There are 2 protein chains.
Amino acid sequence: MDSRPIGVFDSGVGGLTVVQEIMNQLPNEEIIYFGDTARVPYGSKSKETVTKYSKQIIRFLLTKNIKAIIIACNTASSNSLEEVRKTFDIPIIGVVKPGAVMAYKTTKNKRIGIIGTEATIRSESYSKEIKKHDKEIETFSVPCPLFVPLAEEGWTDNEISYLVAKKYLEPFADLEIDTLVLGCTHYPLLKDVIQNVVGNKVQLINPALETAKDLKELLSAGNALREDKTAPNHSFYVSDNTSKFEQIAAIALKKSIPPVEIIDIEQY
Amino acid sequence: MDSRPIGVFDSGVGGLTVVQEIMNQLPNEEIIYFGDTARVPYGSKSKETVTKYSKQIIRFLLTKNIKAIIIACNTASSNSLEEVRKTFDIPIIGVVKPGAVMAYKTTKNKRIGIIGTEATIRSESYSKEIKKHDKEIETFSVPCPLFVPLAEEGWTDNEISYLVAKKYLEPFADLEIDTLVLGCTHYPLLKDVIQNVVGNKVQLINPALETAKDLKELLSAGNALREDKTAPNHSFYVSDNTSKFEQIAAIALKKSIPPVEIIDIEQY
């Protein structure tokens with residue numbers, strides 16, 4: 001057994017959808033969360049910048065005596081996972097591989113849609129990972145830049161979010177996909193409106209679910225689950241502006257969180 | 001006369017609407033522009049973070065032998081102008097004061113609307129500046145967080161931008177304003193849809209116009225205009241991802257710009 005906490009990070013609040021899944025599947029584990037709210041969004045930034053930011057955050061998380069790291073951000077997982085695994089000597093799990101595996105297991109007609117930020121789509125991380133498992137699968141990718149600000153504004157199910165979803169997802173109508181990957185941790189917040197536009201025959205994939213399963217496997221295999229009888233104490237850190245973070249966290253996690261601390265992340 | 005260039009900065013591409021006005025009114029001046037595209041948007045960040053970023057950018061611009069600085073960003077002008085004027089020994093002009101002066105000169109019924117980012121509205125910079133000139137004027141402020149991503153997506157005049165504008169600007173319908181300040185340098189890109197929603201009786205104020213006038217006055221009064229016969233060479237720097245910046249710059253300035261250079265702004 002290993003009582004040390006798990007480090008989880010994202011560009012902002014989106015990664016909380018992953019935290020929620022970890023809390024569901026591993027309720028005894030302690031979590032140290034970092035949201036880079038000063039530099040959100042990552043989705044329009046270059047690979048070099050996203051990788052630099054990921055390294056700064058991992059150096060910060062390593063000061064907290066953690067046993068593993070979850071990159072709860074598709075943009076950072078797509079652009080930086082390989083590089084940070086080379087740099088740091090700690091198990092690191094991204095959200096892309098678990099999401100891709102779930103997608104390839106789900107599709108029946110071998111036609112999968114992928115939506116995400118510009119940087120995630122440009123990296124082709126999902127389509128490469130899916131094709132590693134089955135070369136015959138065809139993938140179709142569309143970046144949806146406005147979904148993150150819509151989710152952050154709380155407009156997740158109104159006429160505007162419906163029209164935006166329709167505009168972005170229209171290209172899928174003729175492509176006969178049966179599976180759609182929500183390739184950004186913010187997107188599950190918009191899942192009702194997305195499902196409405198693509199129709200009920202298309203299965204939505206939320207990579208957060210599979211990521212939490214992979215973490216559970218990793219910890220079980222390494223005999224590294226926390227087995228303390230005391231309730232876990234989670235900690236939340238951000239790079240800026242805690243009040244909005246606390247509000248959205250309360251909604252995403254369906255409970256209030258302890259006081260959030262601001263970190264000068266550029267120092268790491 | 002003074003041949004040195006003018007430093008202009010913004011969180012991203014929005015400040016180019018100010019550059020365009022400077023080029024119109026002072027076609028002989030050289031401009032050094034910095035867009036903080038790695039850390040855009042500023043509008044949801046705290047006063048402390050925006051001030052820290054402004055100082056880094058000014059330290060960078062000072063390496064370019066400039067004679068004056070324009071903060072072509074309402075969020076940075078609202079939150080940081082006072083502090084950076086104390087720190088640096090160079091003339092610094094923000095966009096808020098010129099915009100506020102123009103608004104108070106324009107209103108007839110003394111009812112002015114102000115739209116901007118969350119950070120600009122929270123600072124109350126426009127209403128304080130307007131009331132310095134006339135205490136009887138009533139101001140009504142609304143933050144419009146989705147306008148910046150809409151402008152950056154290029155959705156400036158479609159059904160979605162109309163519905164978003166309607167949702168944000170609805171509160172003004174009963175307030176009988178006759179003047180509306182576009183308190184974010186991105187917003188002039190959406191001016192048609194904004195005018196459409198508020199109606200033709202409301203006069204829109206674009207602070208960029210007055211800011212360029214103030215700069216002209218400052219340089220004329222100090223005998224510091226550039227009087228070289230050679231055409232000016234402008235330079236553009238960003239903190240990330242130049243290709244999108246170059247595309248939007250070509251649209252905003254209605255001409256192509258020289259190659260854009262990426263700067264590691266956190267070093268300053």
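I superposed the two copies by least squares on the C-alpha atoms of residues with pLDDT of at least 70 in both, and a rotation of 180 degrees with 0.0 Å of shift along its axis brings chain B onto chain A with an RMSD of 0.0 Å. The two copies are thus related as by a two-fold rotation axis. Looking along chain B for the C-alpha nearest this axis, I found that of Arg39(B), at 2.5 Å.

I noted the provenance before going further: this is a predicted model, in which local features need pLDDT of at least 70, side-chain atom pairs count only at pLDDT 80 or more, and totals for chains, interfaces and linings use all residues. Residues are numbered from 1 along each chain as its sequence is written, while chains are lettered from A and ligands numbered from 1 in the order in which they are written. The model scores ipTM 0.83 and pTM 0.88; for chain A the mean pLDDT (the predictor's confidence in each residue, from 0 to 100) is 94, and 100% of its residues reach 70 or more.

Next I turned to the interface, taking residues as in contact if their C-beta atoms, placed from the backbone, lie within 7 Å. Chain B contributes 18 residues and chain A 18 residues. On the side of chain B that touches chain A, α7 (147-153) and α8 (159-169) each supply at least two residues, and the largest share, five residues, comes from α8(B); helices here are DSSP runs of H or I of at least four residues and strands are runs of E of at least two, numbered from the N terminus. Of the interface residues of chain B, 100% are also interface residues in chain A, so the copies meet through the same surface.

Finally I traced the sheet of chain B, where strands pair if DSSP finds at least two bridges between them. Six strands form an open sheet in the order β4-β3-β1-β2-β9-β10, with parallel pairing, and the edge strands, each pairing on one side only, are β4 (92-94) and β10 (261-262) of chain B. Five bridges join β1 (residues 6-10) to β2 (residues 31-35) of chain B, and Asp10(B) has Gly35(B) as its bridge partner in β2(B). Helix α1 (residues 16-25) of chain B packs on the sheet, touching β1, β2 and β3 (68-71), and its direction makes about 170 degrees with that of β2(B); such angles run from 0 to 180 degrees between N-to-C directions, with axes fitted to C-alpha atoms, for helices over the stretch in contact.

Definitions and conventions
Contact = placed C-beta atoms within 7 Å.
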